[in-house]
Amino acid sequence: MPDALLLAGPAIRRLRKREGLTQSAMAAQLGISPSYLNLVERNQRPLSARLLVRLAEAFDFDPRSLRQDEAVGGVDGLRRRLADARFADLAIDRDEIAEWLSAAPQAAIAFARLFDASGGTGAPSADEPMELVRREIERWRNHFTDLDAAAEVLADELRLSSADTGAALAERLRQKHQIAVRILPVEVMPDALRRLDLHARQLQLSELLDPSSRNFQIALQLALLEQRDEITALANGAQFTDRAAWRLFRRHLTAYFAAAVLMPYGRFIRACEATGYDLPILQRRFGVGFEQLAHRLTTLQRVGQRGLPFFMARVDRAGQFSKRYAGASGTALLDSDTGCPLWVAHRAFERAGQLCVQLASFVEPSGAESQWLTIARTVEGSGAPGGHGARFVVALGIEVSLAGTLAQARELRLEAVDAVPIGPGCAACHRKDCAQRSLPPRGAALAFDERSRGLTPFAIAD
């Protein structure tokens with residue numbers, strides 16, 4: 001997938017005016033033609049790396065100022081704010097938002113600040129650490145280059161020591177850190193799945209963990225021991241004022257590194273492309289669980305070696321999201337607190353352990369339709385006191401236009417007419433004539449039909 005072009009016309013124009021220069025004078029200092037600078041300022045040409053370096057050398061210019069849009073969550077952050085019911089009738093689509101942010105970023109940021117200050121629902125407040133962390137992960141598109149590179153080096157070293165991943169991980173922990181791995185019965189660890197006992201020099205794991213989860217827990221411990229400084233630096237770079245958000249983000253980065261060790265980027269992306277992203281084969285080949293695999297599929301954004309842009313969510317029986325990563329998909333399907341009851345993620349609870357595939361047509365906040373291939377499967381919790389494990393559904397999704405080569409799409413006709421219409425949860429969905437609707441949408445006028453006999457109690461008026 002090609003890298004996004006850097007269009008920074010308004011920023012360059014502000015810099016030129018601040019310096020009191022004409023286009024001809026600034027172009028002369030940069031060694032380019034005035035006509036080319038004019039095109040750059042009008043966003044008709046992207047800002048090249050060479051021109052960026054010249055700007056930094058010739059002027060008091062910080063390249064980070066070009067990414068001011070990240071302060072509001074970029075296009076996705078503005079889209080969430082504009083999904084508010086107060087703007088429902090404007091039908092503002094993603095392309096318009098991207099154009100606005102590119103052409104007038106300061107105005108867009110001003111709108112975001114005003115919206116947030118008014119108590120709008122489009123931005124997290126200080127007491128929502130999980131949403132703050134989600135925004136930071138989306139800012140990175142859930143891809144952390146330095147962690148991936150370090151994990152790949154470690155994975156190659158482990159591969160040299162043993163062909164068995166679990167044995168190699170345990171040996172690394174023993175040789176480099178003098179910590180042995182010990183599996184303990186549930187009676188000894190009734191309330192924990194993993195515990196580091198530095199006095200005994202042991203990483204103690206519960207017998208409730210399956211082999212893939214054991215490997216992941218050992219990789220987590222290696223991340224804490226060998227990548228602590230890098231992970232802490234990334235967490236500090238997010239500049240959270242909320243300590244809970246900092247800790248959640250740090251935990252995400254630690255798990256990211258562990259997954260990248262088990263599924264090193266180069267080998268993993270080659271396996272994805274060779275198998276058509278065949279999920280069961282990838283699980284067996286890398287010895288990972290379905291949830292671990294789903295997480296990893298949202299991270300494949302290495303420059304020059306990009307994978308398909310999947311999104312991933314974990315849903316409970318009540319339809320609540322306990323995890324959601326949009327990755328590079330740009331989807332708005334995960335923006336609500338709950339999912340649509342017609343989405344395959346909810347049906348998957350009835351088919352435990354099976355892959356459930358659905359072609360879904362999602363109504364965007366602007367009212368436009370987008371088609372997604374979604375794949376869902378139940379996952380079991382690793383255990384709980386009393387032996388009652390939790391059950392969730394993990395769902396993956398990708399735009400239909402990119403799904404044609406997927407193994408799980410080979411038996412499907414990927415036509416819009418075959419898609420199941422879904423929305424962003426009843427309270428945020430303005431789709432009409434939905435027999436499954438259980439709540440009226442916020443900000444919509446209701447129509448009442450006495451003939452419905454209560455089957456569709458909330459109809460939207462024209």
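Which helices and strands do the buried residues of α15 pack against? Let us start there and then look around the rest of this predicted model.

**Helix α15 and its surroundings**

The partners are the helices α13 (243-262), α14 (265-275) and α16 (290-297), together with the strands β9 (369-380) and β10 (391-399). Helix α15 itself covers residues 279-286, and its buried residues are Leu 279, Leu 282, Gln 283 and Phe 286. These residues sit on the same side of α15, because they cover an arc of only 105° around the axis. Just after the helix comes Gly 287, which takes a positive phi of about 60°.

**The chain as a whole**

Of its 462 residues, 48% are buried. The accessible surface comes to about 23,100 Å², and carbon and sulfur atoms account for 51% of that area. Take the contacts between residues at least 6 apart in sequence: 58% of these join residues at least 24 apart.

**Helix α2, one face at a time**

Just after α2, Gly 31 has a positive phi of about 75°.

**Two pairs of packed helices**

Two packed helices are described by the angle between their axes and the distance between the axes. Here are two pairs to find in the structure.

| Helix pair | Angle between axes | Distance between axes |
|---|---|---|
| α2 (residues 23-30) and α3 (residues 34-41) | about 105° | 8 Å |
| α9 (residues 145-161) and α10 (residues 165-177) | roughly 105° | within 9 Å |

The angle in the second pair makes α9 roughly perpendicular to α10. Likewise, α2 and α3 are roughly perpendicular to each other.

Which residues meet where α2 packs on α3? From α2 come Gln 23, Ser 24, Met 26 and Ala 27, and from α3 come Pro 34, Leu 37, Asn 38 and Glu 41. In the other pair, Leu 154, Glu 157, Leu 158 and Ser 161 of α9 meet Ala 168, Leu 169 and Arg 172 of α10.

**A proline in a strand**

Pro 421 lies in strand β11 (residues 420-422). This proline is partly exposed, with a relative accessible area of 39%. Leaving aside neighbours within four places in sequence, Pro 421 is in contact with Leu 342, Ser 361 and Arg 431. Ser 370 is 51 residues away from Pro 421 along the chain, and their C-alpha atoms are separated by 9.8 Å.

**The cysteines**

How many disulfides are there? The count is zero. For Cys 434, the closest cysteine sulfur is the one in Cys 340, and it lies 6.1 Å away, too far for a bond. The cut-off for a disulfide is a pair of cysteine sulfur atoms within 2.5 Å. Another cysteine, Cys 356, is buried, with a relative accessible area of 1%.

Terms used
Residues numbered from 1 in each chain as written. Predicted model: local features only at pLDDT ≥ 70, side-chain atom pairs only at ≥ 80, totals over all residues. Heavy atoms only, no water. Buried < 20%, exposed > 50% of the residue type's maximum accessible area, 1.4 Å probe, protein only. Helix = DSSP H or I, 4+ residues; strand = E, 2+ residues; numbered from the N terminus. Arc of directions from axis to C-beta. Contact = heavy atoms within 4.5 Å. Areas by Shrake-Rupley, 256 points an atom, 1.4 Å probe, with all protein chains shown as cover. Axes fitted to C-alpha atoms, helices over the stretch in contact; angles between N-to-C directions. Parallel < 35°, antiparallel > 145°, perpendicular 65-115°, else oblique.
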